[in-house]
Amino acid sequence: MNTCLSWIIDALNNSQLNHFVMNNAVVFPTLEMLHFLGLSLLFGALLIVDLRLVGIAKQLPLEKVEAFLRFALIGFAINLISGALFVAGDPDRYLVNLAFGLKMLMIVFAGLNTLYFLLRVKPKLHFNSHGHPPSSEAQVVAWLSLALWSSVIILGRFIPYVETP
């Protein structure tokens, strides 16, 4: 194994945060519940936004749908914190796990897709156009968002079942 990765794993295993997460009977299950809550907020909100952008529920005004982005951000923040605590608590499982690595890669791609949406697509959306389909660029970004976040969820579910080398 990479010596840098080994050093990180050893440092995390010997940290107070690791002992807090792993040696307290309620911390890990609480983190799992929070991670699921964050996932529900994140993906539920993105489903509403992305499906509207691809043309489903055209009767919903875009400006109303946009409010759901706050919930996605809150869900992402919950998952970022709880996920980091998972890694700190069990670095031997996560940092060498192929499914975890791919999940992190998909999150990076989803983040870049979101950044593209915020900087390039959202400023061009016509919020006062009831029933009109957004641009094909917005639709591609929305479909990509759905695919990437679905991949994140699927890869997250694979983590306990993927053998580590």
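Which residues form a nonpolar patch on the surface?

What we have here is a predicted model, where local features need pLDDT of at least 70, side-chain atom pairs count only at pLDDT 80 or more, and totals for chains, interfaces and linings use all residues. Residues are numbered from 1 along each chain as its sequence is written, and side-chain values use heavy atoms, with hydrogens and water left out.

Let's start with the overall picture. The chain has eight helices and zero strands; these are DSSP runs, H or I of at least four residues for helices and E of at least two for strands, numbered from the N terminus. Along the principal axes, the C-alpha trace spans about 55 × 30 × 25 Å. Of the 165 residues, 35% count as buried, where buried means under 20% relative accessible area, exposed means over 50%, and partly exposed is in between, with a 1.4 Å probe and protein chains only.

Now, back to the patch. Its members are Leu98, Leu102, Leu105, Val108, Phe109, Leu112, Leu115, Leu118 and Leu119, with about 830 Å² of accessible area together. Accessible areas come from the Shrake-Rupley method with a 1.4 Å probe, and for residues only the protein chains shown count as cover. To join a patch, a residue needs over 30% relative accessible area and no salt bridge; nonpolar side chains (Val, Leu, Ile, Met, Phe, Trp, Tyr) are joined within 5 Å, and like charges within 9 Å. Take Leu115 as one example: this leucine lies in helix α7, residues 98–121, and is partly exposed at 45% relative accessible area.

What does the record say about this region? The unreviewed UniProt entry annotates "transmembrane region" over residues 33–55, 67–88, 94–119 and 140–159. Those positions are in the numbering used here, feature names are shortened, and annotations may be inferred rather than shown by experiment. In the model, residues 94–119 are 88% helix and 0% strand, with end C-alpha atoms 32 Å apart. Residues 67–88 are 95% helix and 0% strand, and there the end C-alpha atoms are 33 Å apart.

That brings us to helix α5, residues 68–89. Its 22 residues reach 32 Å from first C-alpha to last, close to the 32 Å expected at 1.5 Å a residue; the expected span is 1.5 Å times one less than the number of residues. Among the buried residues of α5 are Ala72, Gly75, Asn79 and Phe86. The cover over the buried residues of α5 includes α1, α2, α3, α6 and α7, with contact meaning heavy atoms within 4.5 Å.

Last topic: charges. Side chains of opposite charge can pair when their charged atoms come close. How many salt bridges does a search of the whole structure find? Three, each being a side-chain nitrogen of Lys or Arg within 4 Å of a carboxyl oxygen of Asp or Glu.

In one of them, Lys122 pairs with Glu66, the closest N and O atoms being 2.6 Å apart. This pair links distant parts of the chain, 56 residues apart: Lys122 in the loop between α7 and α8, Glu66 in the loop between α4 and α5.

Glu137 bridges to Lys124, with closest N and O atoms 2.9 Å apart. Glu137 lies in helix α8 and Lys124 in the loop between α7 and α8, so the pair ties together parts that are 13 residues apart in sequence.

Finally, Asp90 meets Arg93 at 3.6 Å between the closest N and O atoms. Here Asp90 is buried at 17% relative accessible area, whereas Arg93 is partly exposed at 35%. Thanks, everyone!
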